[in-house]
Amino acid sequence: MSPRAASAAPPALLALLALLALPLAALWPAPAQADDALADLVEGVAASVVNLHTAGMRQPTSGWDAMFGGPRRWDSLGSGFVIDAEQGLVITNAHVVGEATEILVMDHLGRVLDAQLVGADHGIDLAVVRVPGLKLPAVELGSSLQLRVGEDVFAVGNPYGHGHSVTRGILSARARSLGRDEFDLFLQTDAAINPGNSGGPLFDARGRVVGVNTAIDGRGESLGFAMPVELVRGALPLLLQGQPVVPGFTGLRLEDVRGGGLRVARVYDRSPAALAGVREGDVVASVDDRPVYGRAGWMESMGMAFPGAP
């Protein structure tokens with residue numbers, strides 16, 4: 001066999017050698033820019049999210065303990081986010097603080113501070129606590145009404161007491177009903193939400209709070225629900241003043257109109273709508289300069305308007 005023949009190699013072998021000679025970076029690409037952007041956002045907002053541990057005493061309502069036992073201690077975990085850095089105000093769910101006699105807040109550095117309840121409303125399931133000496137930055141509030149279904153969102157919270165955790169997903173749906181009597185308007189997301197996430201923020205892709213993580217549907221996976229941030233904006237002044245948060249009432253029965261808008265099917269006597277001169281057959285096209293495309297949009301707009309709020 002001549003030296004020339006011996007030096008030749010099959011094409012497949014040459015291709016394999018060329019592949020092995022590629023730099024390692026070419027075989028293991030850098031993280032996507034979108035993932036880098038999310039990591040940057042999380043670093044920017046993590047300091048504004050806190051973990052809550054609440055405790056109190058409760059009298060059992062059934063069984064042996066209810067008849068012969070005394071009050072029992074209960075504990076709860078949750079999350080919250082700083083709404084006012086100067087005053088140390090934190091938003092969370094009312095069901096997290098309950099009738100707690102002890103509220104502890106832990107920040108992202110592991111500091112544990114005492115907190116006092118400022119105001120809570122269990123109908124809307126929102127509460128405000130004050131944490132003296134907290135000294136953490138406040139979140140930026142966004143708009144859930146401008147968020148489109150399918151857009152990226154992420155949640156930060158304290159699932160099962162594991163501490164600061166981040167989950168990512170999309171806005172799955174809006175104006176979801178969970179069968180509550182009041183303020184039954186929720187954003188649905190597939191970002192993982194678990195017990196302990198309650199009261200924590202749901203962020204949009206720009207790091208702005210668009211919702212408060214509140215509930216899950218245990219019948220399936222990735223079925224989390226957050227109350228729209230507009231509820232926080234409307235209810236906060238009332239909570240700070242210790243006033244009740246009640247839903248608005250117009251006195252209208254509305255029907256969807258093909259192509260958009262709502263037709264007034266009935267105006268109830270002596271209702272605010274009747275006093276304002278609204279008549280049957282009128283068409284509602286917008287609320288506060290926002291187009292209304294159906295009853296879900298009407299519920300979103302009017303369900304976030306609270307009598308007595310500034």
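**A buried or exposed residue?**

Is D107 buried or exposed? At 3% relative accessibility, D107 is buried. Buried means under 20% relative accessible area, exposed means over 50%, and partly exposed lies in between (1.4 Å probe, protein chains only).

This is a predicted model, where local features need pLDDT of at least 70, side-chain atom pairs count only at pLDDT 80 or more, and totals for chains, interfaces and linings use all residues. Residues are numbered from 1 along each chain as its sequence is written, and side-chain values use heavy atoms, with hydrogens and water left out.

**Salt bridges**

A salt bridge is a side-chain nitrogen of Lys or Arg within 4 Å of a carboxyl oxygen of Asp or Glu. The count is 4 salt bridges. One of them joins D107 to R111, at 2.6 Å from N to O. R111 is partly exposed, at 34%.

D204 and R208 form a salt bridge too, at 2.9 Å. D204 is buried, at 4%. In the bridge between R219 and D217, the closest N and O atoms are 2.8 Å apart. R219 is exposed, at 77%, while D217 is buried, at 18%.

**A sheet of three strands**

Strands here are DSSP runs (E, at least two residues), numbered from the N terminus. Two strands pair if DSSP finds at least two bridges between them. An open sheet has 3 strands in the order β14-β15-β16, with antiparallel pairing. β14 (252–256) and β16 (283–284) stand at the edges. Each has a single partner strand, so one side of each lacks a neighbour in the sheet.

β14 pairs with β15 (residues 262–267) over 5 bridges, in the antiparallel sense. L254 stands opposite V264 in β15.

Notes. Helix = DSSP H or I, 4+ residues; strand = E, 2+ residues; numbered from the N terminus.
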